[in-house]
Amino acid sequence: MSPTMVEHNGLDIMCLNKYCHSSSSSSSSEHDKKIFSKLKLSLSEEYPRKNAEILSGQYGTNLLLIGAALMLAIAHHGPSVKEEHLLSFVTCLMILQLIWMMWYILVRDRQKNTRTEKDVHATTCWIRGGLTLLALLSLIMDAFRIGYYVGYQSCVSAVLGVYPVIHATHTIAQVHFLWFHIKDVIKSFETFERFGVIHAVFTNLLLWCNGVMSEAEHFLNNHKRRLSALGYGNLTIVHSEPHCNCTTSTCSMFSSSLFYLYPFNVEYHIFVSAMLFVMWKNIGRTIDLSSNRKRLATKTQGLTVGPILGLLALASTIGILVVYVTHVEESLKMRQSAISMFYIYGIVMLVFMCSAGASGLLIYRADHVPLDTSKNPSRQLDTELLFGSSIGSWLMSWCSIVAVLGANSSPPYRWTNLIYSLLIVLEKYIQNLFVVESLYRKQDDGEREEPELPAAPEIFSVTSSLAPPYNGIINRAYETPDRNCSTMENEQEESGQVYRCPRKPSEVLLTAGNKVKEPTNIKRQILKNIAVFLIMCNISLWILPAFGCRPQYDNGLEQETFGFSIWTTVLNFAIPLNLFYRMHSVASLFEVFRRV
């Protein structure tokens, strides 16, 4: 072999090795680039969204804590922090929310041509109608506040006059927002919108806390006056009246009427915050079209027993409320009889509610239907709020049980208080299970769709053999109805119109005026009656504590065991949660009624 050939071959081998090395390095660099691009893509898509959720959540939590700190300072009644400071802070938050809502509405108006995805489960018309009614009562309360300020404007801060004006404006704008935009699934300016929505959530939570604090202070002062009349001393009653004379004759009427409207204002703000929280969870969410269906109209056949028993419960509740409020401030014997009457009434009511809920659960156990595990932020929030708000009444009930078993005194209502407290715990167990199972049960296809019409003679059919075949546009639209049905059925425009897919020609029948009745379902009718009865009972149990029927303040057993300050702290925490639980149960049970 010649040296030239060896040299040539060596050069060839060296060149080949060099080429191979450069090829492997380039492929590895391309592989690294792919990994880096994937990492960059994941960082740019997932982490900023999670960061926006965490940052906005921390922002809202700190807003709430600032307001809570101001409320605690005001509760001390010190000279440094006064009610005007809290109202100024909340007024600024409402103004910021108004600015954000106006910006959001203007942006949506400019994007009329682009379709906005909507979550049909976010709310219903009847919930928004109920919130509108609560908003109207809140506007009446704002009018009373303005009238109260006019009477005392010479000696009170101007914030007391500005606050109700801004609150009324905020209420009107927020109701408009709830009616037309609460179902929106936001896909643009997501980070900014997260902060805007969470700001609205915690602004309403602060307004709820402010109303709860004012209402609790009012009931606490009434309780102290009652104890002072019975001979108990060392109780400081806070007088909130301004140190000047009212220039009108209606100041006392305005101030006394405010506390009858507080329960409606409190429920309004807590419900709005829950709905806005669902909107916050929906930001950037991909809607599952198969589960995002608008349900059919609710049928009400066979509703007799549930509404009748519910109306009886509601009527007896009004009677108990009137008797209790008028007799609890009289002599010791009348007060004890009023408290005993309340506990007996409560025991009867709770026994019927437990029986109704247990009957509904037994009916569900008889039907082996799987649960629906699809993602639904509204339903998940309903479940969490039911369990979370149950804690208040459970704490109050267990404190009452401990007080009854350990008390030295033995008033006539001692053991009825024990039975009532145990039934409160049991009733919430059963009702929560009934509501959650109802909301999570998967509906059959036959229950979702309209009942099919029976076969008719061919002459009444659109596709009759007498008609000539037509292969134009209309026939081609029916060739693949299953593929386009879900998209057309779930597409909703800003006007709220729902586009439904057309039926196949073979399914469009022209019947000769014959009405087809759906076969009656006894189980379904029983469940509807149970839902209506529980709705009326929960309204009754909301009315009593909301308008002054609170025997936990007056029976003396818990106060003897835990002391005045500890027991009033427990009540100030538990009663607002219990009120919210009852009203939220009404909303959830109405949804159960519609789903059955």
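## Salt-bridge network

R365, E437 and R441 are joined in a network of salt bridges, a salt bridge being a side-chain nitrogen of Lys or Arg within 4 Å of a carboxyl oxygen of Asp or Glu. R441 counts as buried at 10% relative accessibility, and E437 counts as buried at 14%; buried means under 20% relative accessible area, exposed over 50% and partly exposed in between (1.4 Å probe, protein chains only).

This is a predicted model, in which local features need pLDDT of at least 70 and side-chain atom pairs count only at pLDDT 80 or more, while totals for chains, interfaces and linings use all residues. Residues are numbered from 1 along each chain as its sequence is written, and side-chain values use heavy atoms, with hydrogens and water left out.

## Other salt bridges

The structure holds nine salt bridges. One of them pairs E53 with R194, with the closest N and O atoms 3.7 Å apart. This pair links distant parts of the chain, 141 residues apart: E53 is in helix α1 (residues 3–75) and R194 in helix α5 (residues 190–229). R194 is buried, at a relative accessible area of 1%.

E427 forms a salt bridge with R582, and here the closest N and O atoms are 3.1 Å apart. E427 belongs to helix α10 (residues 414–440) and R582 to helix α17 (residues 564–595), so the pair ties together parts 155 residues apart in sequence. E427 is buried, with a relative accessible area of 1%, and R582 also counts as buried at 1% relative accessibility.

## Overall composition

The protein has 17 helices and zero strands. Both are DSSP runs numbered from the N terminus, helices being H or I of at least four residues and strands E of at least two. Of its 596 residues, 43% count as buried. Among contacts with a separation of 6 or more, 87% are between residues 24 or more positions apart; contact means heavy atoms within 4.5 Å.

The accessible surface comes to about 31,800 Å², and carbon and sulfur atoms account for 64% of this. Accessible areas come from the Shrake-Rupley method with a 1.4 Å probe, and for residues only the protein chains shown count as cover.

## Nonpolar cores

A nonpolar core is a set of buried Ala, Val, Leu, Ile, Met, Phe, Trp, Tyr and Cys residues joined through side-chain atoms within 4.5 Å. The largest has 102 residues, of which L131, V197, L276, M279, F342, F434 and L534 touch the most other members. Domain 1 (36–113 + 123–233 + 246–285) and domain 2 (298–442 + 519–595) both contribute residues, so this core lies between them; the domain bounds come from an automatic or database domain assignment.

Leaving aside residues up to four places away in sequence, L534 touches M353, A356, Q431, F434 and L589. A second, separate core has 15 residues, including I74, V90, Y163 and I166.

## S400 and its contacts

S400 lies in helix α9 (residues 377–406) and counts as buried at 3% relative accessibility. Not counting residues up to four places away in sequence, S400 touches N417, S421, E558 and W567.

## Nonpolar surface patch

V305, I308, L309 and L312 form a nonpolar patch on the surface, with about 370 Å² of accessible area together. Patches are made of residues with over 30% relative accessible area and no salt bridge, like charges being joined within 9 Å and nonpolar side chains (Val, Leu, Ile, Met, Phe, Trp, Tyr) within 5 Å. I308 lies in helix α7 (residues 305–327) and is exposed, with a relative accessible area of 53%.
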